[in-house]
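Please read the following points alongside the sequence and the model. They are meant for a colleague who is new to both.

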Amino acid sequence: MDRLPTRPLGATRVGAVGLGCMGMSHAYGERDDEASRATLLRALDLGVTLFDTADIYGQGANEELIGRTLRDRRSEALLATKFGIVWRDGVMDARGDASYVRESCEKSLRRLGVDHIDLYYQHRVDPRVPVEETWGAMAELVAQGKVRFLGISEASAATIRRAHAVHPVTALQSEWSLWTRDIEDEVLPTCRELGIAVIPFSPLGRGFLTGGISSAGAIGPNDIRSKMPRFTEANIKRNIAMVDALTRLADQAGVTPGQLALAWLLHQGSDIIPIPGTKRVTYLEQNAAAGLIPLSLSDLTSIEAAVPRDAVSGDRYGSSHTGAAGR
């Protein structure tokens with residue numbers, strides 16, 4: 001396939017489709033480091049240059065895997081990692097005090113085996129710490145040359161503005177796909193006003209939009225989706241009609257439903273760089289090819305009619321996650 005076109009990210013450019021690396025070490029079943037390494041290296045060959053990880057993924061194992069695999073091709077990759085999610089008594093929480101920011105950065109630098117992090121995100125906003133304190137510490141990391149660009153994840157429009165007043169926000173990472181469109185109301189317009197790139201995670205609806213999940217039985221017990229409301233048997237049965245409609249459109253276009261969902265997202269603006277996750281070369285190649293699919297206005301209208309906004313059954317997260325945007 002042709003090499004991916006690029007899109008702007010801060011003062012640099014990256015491939016129009018990035019690679020979410022979480023599932024290689026965390027949340028989606030058993031690890032397969034050999035397959036993951038092959039996928040990471042193939043990504044660079046395709047022009048996928050934005051690699052997204054976090055200190056919480058595999059308790060640091062994901063950063064170590066990426067660092068080892070890409071060491072000899074470091075100059076070709078833009079490495080993004082995150083800090084700020086902590087678990088307290090089995091419930092996801094956030095931490096953003098200045099000392100924790102500095103400590104987390106040093107640990108990520110060591111695990112990645114690099115002298116600087118290209119894009120450093122606040123993974124979740126700590127409600128107990130003013131975002132100005134967190135971002136003041138992050139800005140110091142930039143001044144020290146340990147970080148190039150700063151980002152924030154799953155934040156409200158108001159919080160993004162407060163962070164941006166301390167130091168420019170290069171990227172906002174939030175869930176966005178055909179079946180999760182919350183950020184379109186306030187967050188996306190704010191990012192565009194401030195010149196912030198948008199990095200959608202789970203752009204394939206955690207795999208649901210690929211058509212590969214037809215029952216809860218297809219999801220293993222070690223898979224994070226087994227605890228998510230949208231993936232109960234009842235909600236899967238309600239939501240599958242949308243995927244069937246999307247699949248019919250994809251068949252007409254000669255692509256997969258996942259590719260069509262990604263192409264729709266890419267056509268929402270040149271400031272959007274989705275990061276579909278996979279540890280398999282086959283799916284990586286399909287996702288990258290979506291960056292080359294042209295869509296007309298009529299196509300976009302048909303896709304949105306197939307998966308209507310607000311028609312999805314089930315919340316994004318269960319009670320153990322604080323993952324909703326808005327802080």
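1. Cys 21 counts as buried because its relative accessibility is 1%, where buried means under 20% relative accessible area, exposed over 50% and partly exposed in between, taken with a 1.4 Å probe and protein chains only. Cys 191, at 0% relative accessibility, likewise counts as buried. The structure holds zero disulfides, a disulfide being a pair of cysteine sulfur atoms within 2.5 Å. Cys 21 is in none, and the nearest cysteine sulfur, that of Cys 105, is 18 Å away.

2. This is a predicted model, in which local features need pLDDT of at least 70 and side-chain atom pairs count only at pLDDT 80 or more, while totals for chains, interfaces and linings use all residues. Residues are numbered from 1 along each chain as its sequence is written, and side-chain values use heavy atoms, with hydrogens and water left out. The chain averages a pLDDT of 93, and 96% of the residues score at least 70; pLDDT is the predictor's confidence in each residue, from 0 to 100. Over residues 322-326, however, the pLDDT is below 50, and this stretch has 16 contacts in the model beyond near neighbours in sequence, contact meaning heavy atoms within 4.5 Å.

3. Seven strands form an open sheet with parallel pairing, in the order S3-S4-S5-S8-S9-S10-S11. Helices (H or I, at least four residues) and strands (E, at least two) are DSSP runs numbered from the N terminus, and two strands pair if DSSP finds at least two bridges between them. Strand S3 (19-20) and strand S11 (197-201) are the edge strands, each pairing on one side only. Strand S10 (residues 171-175) runs parallel to S11 and is joined to it by five bridges, with Ala 171 standing opposite Ala 197.

4. Thr 170 is buried, since its relative accessible area is 12%.

5. Leu 9 belongs to the covered face of strand S1 (residues 6-9) together with Arg 7, whereas Thr 6 and Pro 8 make up the uncovered one. S1 runs antiparallel to strand S2 (residues 12-15), to which four bridges join it, and Leu 9 stands opposite Thr 12. Two residues lie between the strands of this hairpin, in which Gly 10 takes a positive phi near 60°.

6. Helix H1 (residues 33-46) has 14 residues and should span 20 Å, which agrees with its end C-alpha atoms being 20 Å apart; the expected span is 1.5 Å times one less than the number of residues. Its buried residues are Ala 35, Ser 36, Thr 39, Leu 40, Ala 43, Leu 44 and Leu 46, and they pack against S3, strand S4 (50-52), helix H2 (61-70) and helix H9 (281-289). H1 is followed by Gly 47, whose phi is positive, near 95°.

7. Gln 59, in the loop between S4 and H2, has a positive phi near 50° and counts as exposed because its relative accessibility is 63%. Asp 310, in the segment after helix H10 (297-306), has a positive phi of about 70° and is exposed, with a relative accessible area of 72%.
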